[in-house]
Amino acid sequence: MLPSLSDERGPPNSWPRPAGEEEALRRIWQRPGGWRFPTAVNNTVIGALYLGAAFVFFVLAGILALLMRVQLASPGNEVVSQDLYNQLFTMHGTTMMFLFAVPAVEALGVLLLPQMLAARDLPFPRLGAFAVWAYIVGGVVFFSTIFYGLAPSGGWFMYPPLTTAEFSPGAGADFWLLGIGFIEISAIAGAIEIIVGTLRTRPPGMSLEKMPIFAWAMLVFAMMIVIAFPAVILATMFLEIERSFGWPFFSVDGGGDPLLWQHLFWFFGHPEVYIIFLPAAGLVSMIVPTIARAPLVGYRLIVVALVGTGFLSFGLWVHHMFATGLPALGLAFFSASSMAVAVPSGIQLFAWIATLARAERRIRLTTPALFILGMLAIFTIGGLTGVMVAMVPFDWQAHDSYFIVAHLHYVLIGGMVFPLFAAFHYWAPVVSRRRLSEAAGRWSFACMFVGFNVAFFPLHIAGLAGMPRRVWTYAGELGVGELNLVSTCGAFLLAAGILIFVIDLVRNFRFGIGEETNPWGGGTLEFLPQGVYSTRSIPRVTSREPLWDRPALALEVARGQHYLPNAPTGGRETLITSAIEARPEYVIQLPGPSWTQWIAAVFTAASFLLLTVKIVVPALVCGAIAIGACCAWAWQLDKGPGGGPVDIGGGIRVPVYMTGPAGHGWWAMVVLMFVAGSLYLAYLFSYLYIWTGAPEAWPSPSVLPPPGAAVAAIAALGAAVAAYVLAERGLDAGRRMSLLPWCVLLAALLLAAGVGIGLHAQWQAGVRPTASSYAALVYTDSLLNGQLAIAVLIMAGFTAARCWLGKVDLRRRACLENTGLLLRYTAAQAAVGQLLLHAFPRFV
Amino acid sequence: MRAPRAVPAAVRLFGTTAFVLAGLLVWGLHLAIVYGVHHLACARGVDAPVVAAIVALATFAALGLQAALLAKPRWIASRLRPPPPDAPPGAFLEAVMRWLAVLGAAGVLWAGSAILFVAACGGG
């Protein structure tokens, strides 16, 4: 039975608190400095680093945009060469989308969510640090390719056949495919952290209907990453394998289909727009009530809008493919979804306007308020042109023209960049000793708002006048020279606004604990008094704006009168609560600073990048070092149940260790299985899609491997699961402890054997992956299952080692359970694969 | 410490998620069916009126499910076990579920009505 929060009036702990509590917290949560800085895992350090790196990429991609605008300022210009121009627009789009937009909003989640939830940190601090360092190393190397002519030049969505080895020789496309695929893996790591953190580290009493809107937005954002990103990871795998080894996924000659790339890319790419927009909308929903000094109008409907937008956005991908010749009724389905998704976006806009209209006093036009108002104007225009291009006949006219360039910049800069600048100013006092300058903020806003509209509004007209996008130059006779010149002037004014912000940042931003606790009079928990340990105690929450509804809360929390005012296990901890009602469940023991996650990140990035340039052996060595570092990192995580249960205040005692479905590690593994499941569903879609286009590539039943091979493979998979279940039951019964590690290893080996049997049968039947799209897909199944089987083998070795060293027992069994989860999932996926590969060709 | 009651709590979260998203899941299923059937049937040369009839049938079925979700949310709740309406987040979650079902129904109607204006299997 979960503890109930009985007394709703007074704080749960008495005051004064025992001496030394706060000092102990400060010592435990101290941030490593100097040369040990890379070992830091505090969310404020990692979040600020993440956000800073994303902003640097924003500036760099902006400089590329200015170069493009200079080139386009007048007809027939030759400031840059045609090839460099192609690299510029590819790197601009790729950097903005993959290295700035998604990382920036994920960084805000890492930075602000624990503060908004009054948690001491997110539940997997080292995973967050790993994601950030992997992103920084991978991003820097990827971006640097522009300086030595190795940058990709196929556009940010890299359509084949343009990007196949035949038409894009050289390593540019490979850098895009492996670099971006790798950065997406780091985004997924961050998403796992955010999902578990949002659901499990809320303060007691903050049930789902009291959760800050930004937390809702980040939850939807992270779920969308889990579902959407695997599709593009699969697409990049397909294209890289085709480029490197000639497996024909996209080449028509081998039965492939270039449209498959577009389906997979846009299944990720369209939700990507909302992956960027929804967190920004969450930021707006947090700032607007403070501006208006009134609770948000329509909280419930805004939650509906966030969830609805996130869900509907997965039904829009074909609207990027209206000009590909698909049947008209199919286009109409997606046109309808594209218009339907405007409804929840509209709900949010009207809720913000209604909240502002409800203001008790005249709205103070502070810098965050100005950026929010600017966002409302710009995003509304972008949304309206979005509805226009959602209509098929109009899209056919505007497709691949500068109208689309204008539309997407109105949506993305209005929907994400302006809210981000509002957020920079609004939340700077939480992580900086000083506020940013109001005067500089106003100048920055004025230049950005005017500059943006001068830069991008004329491009609507240029597009309608017939100017295609991605052209290096254009003829004067087209009549768009003046529009382009105006646009270039606007771009420089926009850049000047950003430069003012950078100067302000250099002059005023000083990382640390803010001198002002709540400068804007906000009602949410991030404006509680903070230390390096986050809040002194974790508050009991009874409303959506606890600082407005309980003015004494800040003082009570700072005095340590709420939950967990100390460090009962002597290490880093935070409170884990139930996912729906937020009742205290246990205290999680968090890992502290370490080099392990940093080494893992750097060597994972190195491995991917060396593979890109085909330096295989050093790449494998780097991969092995990265895996070793991951094992060393994971070894320190399971601290065991010693020291619990502990008193957290209000007479509530909770354990300090939890495994099984209540434990945070179990949740992370389940989310990871969702990622693997989404990847495999994208594979199943690809298999069926290629079959509909090229059924002649599928062999007749007489040349398929014998059905007995599938039976043998599935039997091995079943035996793997059975061996594992026996091991777990033996542990439960307290018997056969010496056999436990051997059973775990045997189960993993049987799993690998099951995958291997399936692969061997295909090879024996004469199927070769380069022969046809069918054969390539058959081997991709083995690839997907094989990589999971390798992961299970490594985890099984890790679990066996812990068993031998006495670190696994009836209660301390997190690694055993997590390995078991992945093993079961892999066995199920591989069995589905065998059924698909053996049954489908026999029945069609 | 291993929590023997933890499984129901985790299962309850999945049930709650399915309950809240029920209307949108119906929308997703409808889109998958109408797009999948249209793509496959047209590629295989099935007659356009047959394809149109399948789309219409799927649309009516999806709308019927959405109506049932709106009219009888307690029926589905009894199977998926979200928090009861008298517990703190229960009423909120039920309201969110209903609004999402309305949104999903609008999406189904919007997509399905295309069959009234555009011929099945026609060129794009």
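Predicted model: local features only at pLDDT ≥ 70, side-chain atom pairs only at ≥ 80, totals over all residues.
Over all chains, a search of the whole structure finds 20 salt bridges, and among the residues involved are Arg17(A), Glu21(A), Glu22(A), Glu23(A), Arg26(A) and Arg536(A), which are linked in a network. The surface carries a positive patch that is formed by four arginines, Arg433(A), Arg434(A), Arg507(A) and Arg510(A), as well as a nonpolar patch to which helix α19 of chain A gives the most residues. Chain B, for its part, has five helices and zero strands.

**Salt bridges around Arg536(A)**

- The side chains of Glu21(A) and Arg536(A) meet in a salt bridge, with a distance of 3.1 Å from N to O; this pair links distant parts of the chain, since Glu21(A) lies in helix α1 (residues 21–28) of chain A and Arg536(A) in the loop between α15 (481–508) and α16 (546–549), 515 residues apart.
- Both partners of that bridge lie under the 20% relative accessible area that marks a buried residue: Glu21(A) is buried at 9%, and Arg536(A) is buried at 7%.
- Arg536(A) also forms a salt bridge with Glu22(A), where the closest N and O atoms are 3.8 Å apart, and here again the pair links distant parts of the chain, with Glu22(A) in helix α1 and Arg536(A) in the loop between α15 and α16, 514 residues apart.
- Glu22(A) is partly exposed, because its relative accessible area is 29%, which falls between the limits of 20% for buried and 50% for exposed.

**The salt bridge between Lys614(A) and Asp174(A)**

- Lys614(A) forms a salt bridge with Asp174(A), the closest N and O atoms being 3.8 Å apart.
- Because Lys614(A) lies in the loop between α18 (596–612) and α19 of chain A while Asp174(A) lies in helix α5 (residues 172–200) of chain A, the pair ties together parts that are 440 residues apart in sequence.
- With regard to accessibility, Lys614(A) counts as partly exposed at 46%, whereas Asp174(A) is buried, with a relative accessible area of 6%.

**Surface patches of chain A**

- Within the positive patch formed by Arg433(A), Arg434(A), Arg507(A) and Arg510(A), Arg433(A) is placed in the loop between α13 (402–431) and α14 (438–464) of chain A, and its relative accessibility of 38% makes it partly exposed.
- The nonpolar patch on the surface consists of Leu611(A), Val616(A), Val617(A), Leu620(A), Val621(A) and Ile625(A), which together have about 510 Å² of accessible area.
- Helix α19 (residues 616–635) of chain A contributes five residues to this nonpolar patch, the most of any element.
- Val617(A) is placed in helix α19 of chain A and counts as exposed, because its relative accessibility is 59% and the limit for exposed is over 50%.

**Overall form of chain B**

- Read along the sequence, chain B follows the pattern α-α-α-α-α; its radius of gyration is 18 Å, well over the 14 Å that the globule rule gives for 124 residues, so chain B is more spread out than a compact globule.
- The C-alpha trace of chain B spans about 60 × 30 × 20 Å along its principal axes.
- Of the 124 residues of chain B, 41% count as buried, where buried means under 20% relative accessible area.

Definitions and conventions:
Residues numbered from 1 in each chain as written. Chains lettered and ligands numbered in written order. Heavy atoms only, no water. Patch = residues over 30% accessible without salt bridge, like charges linked within 9 Å, V, L, I, M, F, W, Y side chains within 5 Å. Areas by Shrake-Rupley, 256 points an atom, 1.4 Å probe, with all protein chains shown as cover. Lys, Arg positive; Asp, Glu negative; His and termini not counted. Charge placed at Lys NZ, Arg CZ, Asp CG, Glu CD. Helix = DSSP H or I, 4+ residues; strand = E, 2+ residues; numbered from the N terminus. Buried < 20%, exposed > 50% of the residue type's maximum accessible area, 1.4 Å probe, protein only. Rg over C-alpha atoms; globule rule 2.2 N^0.38 Å.
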